[in-house]
Amino acid sequence: MTTVAATAHPAPAHHDDRSFIRKYVFSTDHKIIGIQFLFVSLFFLLVGGLLAMQMRWQLGFPGKPMPGGGVLPETMAPGGVILPEYYIQLVTMHGTFMVFFAIMPLLVGVYANFLIPLKIGTHDMAFPRINMWSFWSFFAAGLVMLASLFVPDGAARAGWTMYAPLSARHDLSGASFGQEMWSVSIILVGLSSILGSLNYITTIINNRAPGMTWFRLPLSVWSLFITAILGLLALPVLSGAAIMLLFDQIIGTHFFDPAAGGQALLWQHLFWFFGHPEVYILILPAMGMVSDIIANGSRKPIFGYHSMVFAIVAIAFLGWIVWGHHMFMSGMNPTLGSSFMVSTLVIAVPSAVKTFNWMGTMWRGNLRFTVPMLNAVAFVAMFVIGGLSGIFMAATPVDMFIHDTYFIVAHLHYVLFGGSLFALFAAIPYWYPKMFGRLMHEGWGKVHFWLTFIFYNLVFFPMHILGMAGHMRRIYDPTQYAFLQPYQPMNEFISISAFLLFATQIIFFVNFWWSLKRGKPSGLNPWQDNGLEWTLPSPAPHGNWERVPTVYRGPYEFSSPQVPEDYLPQTRRLPSDREPAAASAARH
Amino acid sequence: METAHKRPNYILIWVYLAVLTAAELALAFKLPISPNIKLLLLLFLAIWKAALVGLFFMHLKFERWNLRIMAIIPLPLAVIFILAGMSEHIW
Amino acid sequence: MHWWLPLKGSTFAGEVDGLFLAITIITGIAFVLVEVGLIWFVVKYRQRPGRKAFYTHGSTRAEVIWTAIPAVTMVALGLISNHYWVRIKGRNSVPPNAYPIAIHAKQFEWQVTYPGPDGKLGTSDDFTVRNQLHVPVGRPIVVRLTSEDVIHSFFVPVFRVKQDAVPGMDINAWFQATVPGTYELGCAELCGLGHYRMRAQVFVQSQEDYDAWTKQAAQEASS
Amino acid sequence: MTHAAATVDQMRPPYPAERGLDVYNTKLGMWVFLASEVMFFAALIGTYIILRFGAPGEWAKPGIVLNIKITAFNTFLLICSSVSMVKAYAAIQDGDPKKMRFWLLLTILGGATFVGIQVYEYIHLIEHGFVPSGVREGSELAELVAKGQLPAATMGLYGSTFFTMTGFHGFHVTCGVISMTYLYLTKALPGKYTKQSYGGIETVGLYWHFVDLVWIILFTIVYLI
């Protein structure tokens with residue numbers, strides 16, 4: 001079958017006469033959409049952080065007026081003292097914002113959009129307009145969620161997991177409108193993710209450049225591909241569940257209301273059937289991007305590329321059959337608990353393979369400690385802690401004690417902050433030049449890294465000890481319990497560290513803004529990387545390539561003996577390279 | 001994408017579907033058999049009809065395997081979910 | 001303040017803590033291995049001018065080893081955990097001679113119903129006390145958990161026992177207290193704005209003290 | 001027009017087979033989308049199965065609550081519209097746009113009638129007292145419940161699941177009718193579909209058959225079982 005017609009389109013690059021609105025607002029360019037996601041989700045990251053600070057104030061200094069808390073209305077914090085009903089809104093909205101509006105869009109919305117076409121060598125996504133709708137429905141979802149903080153009765157109050165029937169019945173939760181807005185917003189998030197995922201999947205399957213075979217894809221693209229499959233299949237379940245929850249709330253159906261025959265555990269099954277793949281949606285892209293950055297920073301090919309790919313696939317596959325481990329104590333069938341325990345423990349194996357392969361990559365490397373590399377190494381170090389602490393709760397008898405305690409809080413933050421967020425602190429400066437044409441400030445980046453690394457551990461490591469004492473999650477005032485009173489100094493310590501951690505992030509945000517205009521111009525390839533995106537000007541132009549590039553090798557050929565330099569771009573043709581079979585058609 | 005395959009007789013499939021639907025109705029309301037057998041037979045007929053639509057109208061019978069996989073992947077996941085949810089009530 | 005787990009107050013607390021310790025050791029080894037390795041690599045292989053990294057795409061032997069070791073460890077851990085799990089929460093784990101107590105959770109209190117002198121629930125001598133769980137020491141107790149409204153979670157840290165109380169479900173959890181004393185019972189599942197104060201006192205008493213208390217409490221409840 | 005926008009309506013895969021699936025983008029995209037739709041309906045149908053399996057007591061009797069005859073006709077109608085869709089697809093493959101327009105129009109009419117009948121059915125049911133929350137007080141069905149001909153304990157669940165599942169299916173049919181009408185007006189009437197380029201027809205057809213397939217399952221498990 002010939003395809004000359006398909007590939008011979010005039011390349012649109014370099015003469016860009018779109019209006020401002022088409023270019024920056026309702027843009028269909030995957031890079032602009034990625035940048036839109038970046039700005040919006042960084043804002044939500046900040047919102048989520050602010051909510052966490054208020055929680056930490058209450059936990060560290062229960063009942064004391066919060067500095068600056070006077071600006072909050074009477075219904076939240078009269079005189080700056082946080083009310084219990086506001087506290088559980090904080091718990092709920094912190095989780096919701098961080099999971100659905102910060103980490104997930106930062107990893108998938110930003111980097112799937114930005115990187116996939118650039119790294120596989122195509123002009124844009126397969127469906128640019130659907131891509132635009134994906135962003136705008138995410139944006140609408142975010143606005144609805146943000147607005148729900150300010151409605152009468154306040155935001156949703158049942159934790160980000162929205163366990164029914166607390167979430168389903170307003171008379172039990174005390175919230176009303178906010179609870180419904182949560183459901184609506186989550187339906188929109190689901191829509192956004194589905195639209196995004198179908199785009200990523202189609203693009204990666206169908207639009208790879210000549211020579212870009214499956215096993216020449218960078219691990220970042222592999223992980224985003226698998227993530228997209230997880231998102232495609234998991235988010236509709238969440239949307240379906242949120243629709244049923246909304247119907248329970250507004251039209252009086254009884255899905256989750258045991259008083260009328262519904263089942264409370266059904267919500268948990270639906271939620272976690274989505275929720276566990278979601279956990280991998282939140283970590284797989286981070287793993288992929290860290291793989292790219294570690295190989296680059298070590299100037300060495302990634303250790304065991306194929307097993308890295310298979311590990312991603314294995315994690316994604318196992319991710320579908322482990323959701324019950326969130327429900328060991330829920331009264332679920334205990335035999336089902338046993339099988340979920342085994343599948344959960346098995347998932348440690350591919351995670352271990354990935355960790356050892358990252359270490360193998362660094363072994364005998366020539367490590368350059370740029371800001372991205374520092375954060376990527378920190379990712380490995382912190383993800384290990386989060387991964388290992390997961391084994392405790394996978395073992396059901398131990399989970400009986402630590403379930404729903406601060407041990408879980410420590411675990412999930414070691415994965416989501418220590419994992420995903422450190423990966424983002426690596427990825428953002430790494431691909432910043434390709435987005436904006438400038439480098440982020442290296443010195444401040446390092447200051448930010450070290451302070452974050454220290455304060456982060458000071459915040460979350462002690463939480464393991466709180467959890468081992470039996471400190472429950474989501475409690476407004478731990479001093480209510482006599483057995484927790486001796487731990488109050490530790491809560492204070494965690495809170496103060498958390499404030500410092502939050503303050504440290506200001507360095508990052510200032511650096512980000514400052515570098516937009518004042519950063520050092522980066523040139524084409526500031527990190528001497530092999531990926532296709534680094535052959536483009538920075539920032540990459542609309543339509544990316546004049547002509548689709550041809551790929552001759554995998555993305556990790558660092559320190560190859562074939563060339564004197566320590567990197568060998570995927571597009572560079574050495575005399576020994578054969579022209580890929582598919583390239584002859586594309587070249588004309 | 002020329003049609004390399006022989007085109008199925010769509011009208012015949014239509015007749016099939018109509019007859020199967022009539023059979024379902026008869027089975028559900030006319031035949032005096034035990035509810036469990038009825039349930040199994042009805043599910044069987046429904047899956048048969050769904051398979052006819054999928055294979056012939058959606059041309060899955062004539063696609064390559066790598067596209068068929070796309071249609072098949074979600075099915076085991078759905079089955080796992082439903083079985084796990086049902087197992088709550090049989091212990 | 002403890003830096004390790006709290007008092008072992010039930011028969012299976014020792015088992016849970018033992019498993020906790022075992023996992024701490026296993027994960028501790030992995031943790032030290034990885035972190036020391038990382039620091040060592042970071043120092044040893046930091047960039048030096050004129051050096052080129054060692055060009056390799058991996059080693060099948062190394063990868064097989066570090067796939068197999070975690071796999072074997074995890075399967076073994078799963079088998080051991082399952083052994084305890086079946087004994088603590090399995091379908092037939094509740095000892096047949098267990099003394100029944102019914103706990104009905106509602107926003108935001110624990111209604112504890114005692115079987116009274118006949119030792120059976122559902123008879124006329126039952127009586128209910130709010131937010132106080134009295135149990136005799138050294139005797140298996142089966143708690144029948146129900147909920148009025150939302151999901152609550154019965155959690156007594158010293159017993160290492162936790163079980164959600166789900167509306168519409170009737171769930172049994174059992175334990176056997178070993179150390180007399182006064183402890184706390186908390187709600188571990190977010191159940192509304194009063195979640196944080198949904199607590200109860202747990203009194204582990206000798207059988208005589210328990211019987212005396214039962215007599216007195218039954219009178220108070222009926223008067 | 002950008003490169004990407006130009007490829008959307010191509011009937012060819014953007015690149016040769018060794019670089020993709022040998023299926024053009026919109027068709028592949030539709031299949032990927034349908035995979036997510038399967039999971040959406042799996043959530044709804046799974047909920048129904050799980051609730052029904054664990055229901056407190058006997059399940060509501062569809063034969064009494066619902067009007068099976070009219071729905072059986074509706075099922076037949078949807079099957080017919082699936083056939084007319086596939087006939088439209090066959091016609092344009094043979095290079096006969098006139099015949100294609102005829103069959104496509106018939107499909108749109110079939111779909112619209114289906115939605116119309118479903119709306120009629122809903123109104124009818126609500127009048128009789130069958131609502132998403134169960135049975136309306138003081139209605140015809142409430143009397144049957146009082147007489148014990150319908151189980152009181154599960155009517156609420158049946159109402160919840162029935163209206164959610166059929167409602168979302170109806171929503172999908174409506175979306176299908178709208179998009180087919182859009183394609184009919186903007187592409188089929190101006191004669192933009194040819195023997196070489198009929199991607200829109202094939203893609204919307206896939207969606208339409210999927211909706212039909214879901215209905216086949218729903219009809220059996222909601223109305224008959």
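Predicted model: local features only at pLDDT ≥ 70, side-chain atom pairs only at ≥ 80, totals over all residues.
Residues are numbered from 1 along each chain as its sequence is written, while chains are lettered from A and ligands numbered from 1 in the order in which they are written.

Helices (H or I, at least four residues) and strands (E, at least two) are DSSP runs, numbered from the N terminus. Two strands pair if DSSP finds at least two bridges between them. Axes are lines fitted to C-alpha atoms, for helices over the stretch in contact, and angles run from 0 to 180 degrees between N-to-C directions.

One open sheet of chain C has five strands in the order 4-10-9-6-7, with mixed pairing. Strand 4 (132-136) and strand 7 (161-165) of chain C each have a single partner strand, so one side of each is left without a neighbour in the sheet. Neighbouring strands of this sheet are turned by 25° against each other on average, direction ignored.

A second open sheet of chain C, also mixed in its pairing, has five strands in the order 3-2-1-5-8. Its edge strands are strand 3 (127-130) and strand 8 (171-176) of chain C, each pairing on one side only. Here the twist averages 25° from one strand to the next. Helix 3 of chain C packs on this sheet and touches strand 2 and strand 3 of chain C; its direction makes about 90° with that of strand 3. Helix 3 (residues 207-222) of chain C also lies across strand 4 and strand 10 (199-205) of chain C, at about 135° to strand 4.

Strands of a sheet pair through backbone hydrogen bonds, either parallel or antiparallel.

| Strand pair (chain C) | Sense | Bridges |
|---|---|---|
| Strand 1 (residues 99-106) and strand 2 (residues 109-114) | antiparallel | five bridges |
| Strand 6 (residues 152-156) and strand 9 (residues 181-187) | antiparallel | two bridges |
| Strand 6 and strand 7 | antiparallel | five bridges |

**Strand 6 of chain C**

How many residues of strand 6 of chain C are buried? Five of its five residues are. A residue is buried if 20 or more other C-beta atoms lie within 10 Å of its own, exposed if 12 or fewer, and partly exposed in between, with C-beta atoms placed from the backbone. C:His152, C:Phe154 and C:Val156 point one way from the strand, C:Ser153 and C:Phe155 the other. In a regular strand the side chains alternate between the two faces of the sheet.

Toward strand 9 of chain C, C:Phe154 stands opposite C:Cys187, and C:Phe155 has C:Gly186 as its bridge partner. Toward strand 7 of chain C, C:His152 is bridged to C:Ala165. Strands 6 and 7 of chain C form a hairpin with four residues between them, and C:Arg160 in the turn has a positive phi of about 60°.

**Contacts between chains**

Two residues are in contact if their C-beta atoms, placed from the backbone, lie within 7 Å. Five pairs of chains are in contact, and chains A and C share the most contacts. In that pair, 86 residues of chain A are in contact with 78 residues of chain C. Helix 13 (residues 348-362) of chain A gives the most to the chain A side, with nine residues. That side has 55 nonpolar, 22 polar and nine charged residues. Ala, Val, Leu, Ile, Met, Phe, Trp, Tyr, Cys and Pro count as nonpolar, Asp, Glu, Lys and Arg as charged, and the others, Gly among them, as polar.

C:Val42 belongs to helix 1 (residues 13-44) of chain C. Leaving aside its neighbours within four places in sequence, C:Val42 is in contact with A:Leu367 and A:Val377. C:Val42 counts as partly exposed because it has 16 C-beta neighbours inside 10 Å.

Chain C and chain D share no contact; their closest C-alpha atoms lie 10 Å apart.
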